[in-house]
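Welcome, and please take a look at the sequence and the model below.

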Amino acid sequence: MLTVNVIDIDRVHFAISELRDIDKSKAIKDGLRKATRFLVNKGRANIKVSRSGNLYKSMTNKVKRRKLGALAGFGALGRHAHLVDSGTTKRYTKKGYYRGAVKGNKFWEQTIDTNYTTALDILYDGIEKAVDKIMLRNGK
């Protein structure tokens, strides 16, 4: 799971300072949705295995309903994502049968490392655009 901490909180507070509470959460959620969608798209581009498989299809983003926050990651079909990303050591059963090892390709780690700052910029831009849209709608 990806955890993004807002680095420039003053920029966010300045952007939403003139909005009501309901509009503030809508504006922030819109920015979060755009940023997580960007990370999911970049993650899909980094997958080196089949682009038609379950891992590719399970990549999703979710904006939380009750609290401000968002998740970018994998659904139920992609529950093996950590194995593909990090790899495994040599695996044996209790009877001693060898079940192989998987070399990780770091597709998700690489996505986060290379696109973290861009995702934050998209988050801030999404919040600012949502605030502008709400301000225009309210006639301010």
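## The loop at Lys-106

Lys-106 lies in the loop that runs between strand E4 (98-100) and helix H5 (107-138). Helices (H or I, at least four residues) and strands (E, at least two) are DSSP runs, numbered from the N terminus. Although Lys-106 is not a glycine, its phi is positive, at about 55°. Lys-106 counts as partly exposed because its relative accessibility is 35%; buried means under 20% relative accessible area, exposed over 50%, and partly exposed in between (1.4 Å probe, protein chains only).

## How to read the model

This is a predicted model, in which local features need pLDDT of at least 70 and side-chain atom pairs count only at pLDDT 80 or more, while totals for chains, interfaces and linings use all residues. Residues are numbered from 1 along each chain as its sequence is written, and side-chain values use heavy atoms, with hydrogens and water left out.

## Salt bridges

Side chains of opposite charge can pair when their charged atoms come close. Here a salt bridge is a side-chain nitrogen of Lys or Arg within 4 Å of a carboxyl oxygen of Asp or Glu, and the count by this rule is two.

Lys-106 takes part in a salt bridge with Glu-109, with 3.9 Å between the closest N and O atoms. Glu-109 is partly exposed, at a relative accessible area of 37%.

Asp-30 pairs with Lys-34 in a salt bridge whose closest N and O atoms are 3.8 Å apart. Asp-30 and Lys-34 are four residues apart in helix H2 (residues 21-46), so about one helical turn separates them. Asp-30 is partly exposed at 24% relative accessibility, and Lys-34 is partly exposed at 30%.

## A positive patch

On the surface, Lys-62, Lys-64, Arg-65, Arg-66 and Lys-67 gather in a patch of positive charge. Such patches are made of residues with over 30% relative accessible area and no salt bridge, with like charges joined within 9 Å; the place of a charge is taken as NZ for Lys and CZ for Arg.

Arg-66 sits in the loop between strand E1 (59-63) and strand E2 (70-74). Arg-66 counts as exposed because its relative accessibility is 84%.

## The chain as a whole

The protein chain has five helices and four strands, which follow the pattern α-α-α-β-β-α-β-β-α along the sequence. Of the 140 residues in the protein chain, 33% are buried.

Technical notes
Patch = residues over 30% accessible without salt bridge, like charges linked within 9 Å, V, L, I, M, F, W, Y side chains within 5 Å. Areas by Shrake-Rupley, 256 points an atom, 1.4 Å probe, with all protein chains shown as cover. Lys, Arg positive; Asp, Glu negative; His and termini not counted.
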